[in-house]
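Please look over the sequence and the structure shown here before reading on. The paragraphs after them go through the model part by part.

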Amino acid sequence: MTLRSGRQFLSIPGPTNVPDEVLQAMHRPAVDIYGGEHGGELFGITMSSLAGLKKIFKTDGETYIYIANGHGAWEAALSNVLSAGDTILVLESGRFAVGWGEMGRSMGLNIESIPNGWTTAVDPAKVEEHLRGDTEGKIKAVLMVQVDTASGCVNDIQAVRAAMNATGHDALLMVDTIASLACMPFEMDAWGIDVAVGGSQKGLMMPPGLSYVAANDKAKAAHANAGLRTSYWDWATRDEEEHYRKYCGTPPVHMLFAMRQAFDMIFEEGLDAVIERHRILAGAVHAAVDQWSKGGVFDYNITNPSERAPSVTVIRTAEGIDPGKIRTICVEKMGVTLGLGIGDLGGKAFRIGHMGHVNAPMILGTLGALEVGLDALGYLDDNSRGGISAATAYLASALKAA
Ligand SMILES: Cc1ncc(COP(=O)(O)O)c(C=O)c1O
């Protein structure tokens with residue numbers, strides 16, 4: 001017997017649910033990419049989407065669209081501002097800044113890092129101390145993520161910027177927003193970020209396949225002398241007027257239809273409202289996990305509540321409790337797919353994605369199935385049962401306060 005026939009729920013931290021409107025926008029024939037009526041339409045979509053990205057990144061800098069996943073945008077960002085032999089400082093807070101740094105190493109960069117376990121966010125004081133030690137100014141860029149999707153932490157970008165400013169160090173600040181853009185506040189210009197990276201498949205509600213880079217004037221100045229530039233990623237070609245150049249080849253026609261539709265939906269709801277929805281839905285998830293974790297079967301991976309991401313919650317199971325069993329009962333018996341623990345948390349954690357096209361009933365459905373699964377596995381007791389009541393009470397009070 002299963003209870004899963006019906007709409008399947010994808011509750012992983014990316015790729016996330018693609019709205020029907022976005023899928024439908026892609027469901028049309030390809031168009032002529034070279035001009036005429038349809039080429040003209042496509043060029044218009046590119047230009048309006050580049051402008052939309054500026055609104056979402058909150059920047060007056062330049063934006064770029066790459067036909068690539070997030071790793072592609074990482075390479076694009078590094079290659080456009082750095083030269084082989086340059087040193088970069090990686091601020092660890094889980095898996096992803098580390099991965100970005102590893103990519104830099106493979107491109108010929110020297111890596112310094114500020115190690116940090118997987119349970120806390122970046123400590124800005126350590127960044128300040130490290131940069132003060134760089135008396136020769138070897139470090140050319142500081143790399144960090146806003147949300148680390150593997151550990152579930154959110155980093156305080158403004159505090160890191162303030163730490164950098166306090167040292168007077170000239171390094172570029174490069175931030176990965178792949179798991180946070182349009183899920184929480186991000187203000188590239190106001191926060192002094194030089195290069196930002198994003199991806200289509202999480203908060204931006206599109207299929208995977210596009211990624212984005214935004215660059216301010218300081219980054220553009222570094223670009224002029226960057227030795228790692230290659231023709232595919234190079235901003236110089238993409239800055240040209242011709243549509244074909246903006247993608248270094250054929251534009252991703254259907255993904256552009258998807259992006260225009262997704263951006264229309266974000267702007268129709270209002271970026272601030274989208275972010276507030278994420279904040280409240282994350283609060284509901286946390287209310288449920290607070291309650292369930294009283295049973296000692298699992299707990300948050302991120303210890304400090306203020307460092308828990310509004311887009312993904314990573315739950316670490318106690319010794320002897322297999323997170324795979326929890327994921328299996330949810331997907332096989334109820335059609336709810338939860339994320340698995342990755343990297344250091346492989347086999348030790350599971351993840352709940354709550355970003356992008358997600359609303360209260362979807363979150364409650366996911367949490368409800370999880371509570372059923374936990375109960376059926378014998379992981380809840382009188383003390384820890386009631387996560388759903390806690391989540392609904394949280395949402396009710398948020399609605400009352402609104
Ligand atoms: C924060 C973050 N950065 C980078 C990536 C890598 O993106 P992609 O898998 O699209 O290459 C991911 C993917 O989950 C991510 O969550």
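The model is predicted, so to speak of local features a pLDDT of at least 70 is needed and side-chain atom pairs count only at pLDDT 80 or more, while totals for chains, interfaces and linings use all residues. Residue numbers run from 1 along each chain as its sequence is written.

The protein chain is divided into domain 1 (9-17 + 271-401) and domain 2 (31-268), with bounds that come from an automatic or database domain assignment. Between the C-alpha centres of domain 1 and domain 2 there are 29 Å. Contact here is a matter of C-beta atoms, placed from the backbone, that lie within 7 Å of each other. By that rule, 28 residues of domain 1 are in contact with 26 residues of domain 2. On the side of domain 1 that touches domain 2, α11 and β12 (312-317) each supply at least two residues, and α11 gives the most, with four residues. Helices (H or I, at least four residues) and strands (E, at least two) are DSSP runs, numbered from the N terminus. The residues on this side of domain 1 divide into 13 nonpolar, 11 polar and four charged. In this count Ala, Val, Leu, Ile, Met, Phe, Trp, Tyr, Cys and Pro are nonpolar, Asp, Glu, Lys and Arg are charged, and the others, Gly among them, are polar.

In soluble globular proteins, nonpolar side chains tend to be buried together. A residue is buried if 20 or more other C-beta atoms lie within 10 Å of its own, exposed if 12 or fewer, and partly exposed in between, with C-beta atoms placed from the backbone. A nonpolar core is a set of buried Ala, Val, Leu, Ile, Met, Phe, Trp, Tyr and Cys residues joined through C-beta atoms within 7 Å. The largest such core has 123 residues, and Leu91, Val142, Leu143 and Val213 have the most contacts inside it. Helix α11 (residues 271-292) gives the most to this core, with nine residues. Both domain 1 and domain 2 contribute at least three residues each to this core. Leaving aside neighbours within four places in sequence, Leu91 is in contact with residues including Ala97, Ile114, Val142 and Leu143.

Helix α7 (residues 217-224) has Ala219, Ala222 and His223 buried. These residues are on the same side of α7 because they cover an arc of only 105° around the axis, the arc being that of the directions from the helix axis to the C-beta atoms. Asp217 and Ala224, on the other side of α7, are exposed. Among the elements that cover the buried residues of α7 are α3 (70-81), β8 (172-176) and β9 (195-199).

Some loop residues have backbone angles to note. In the loop between β1 (9-11) and α1 (20-26) is Pro15, and the peptide bond from Gly14 to Pro15 is cis, with omega near 0°. Ala182, in the loop between β8 and β9, has a positive phi near 65° although Ala182 is a residue other than glycine. Met205, in the loop between β9 and β10, has a positive phi of about 65° and is not a glycine either.

Which residues surround the ligand? Among them are Gly14, Asn69, His71, Phe96, Asp176 and Pro208, where a residue is near if its C-beta atom, placed from the backbone, lies within 6 Å. By class, this shell has five nonpolar, six polar and one charged residues.

Note on methods: Contact = placed C-beta atoms within 7 Å.
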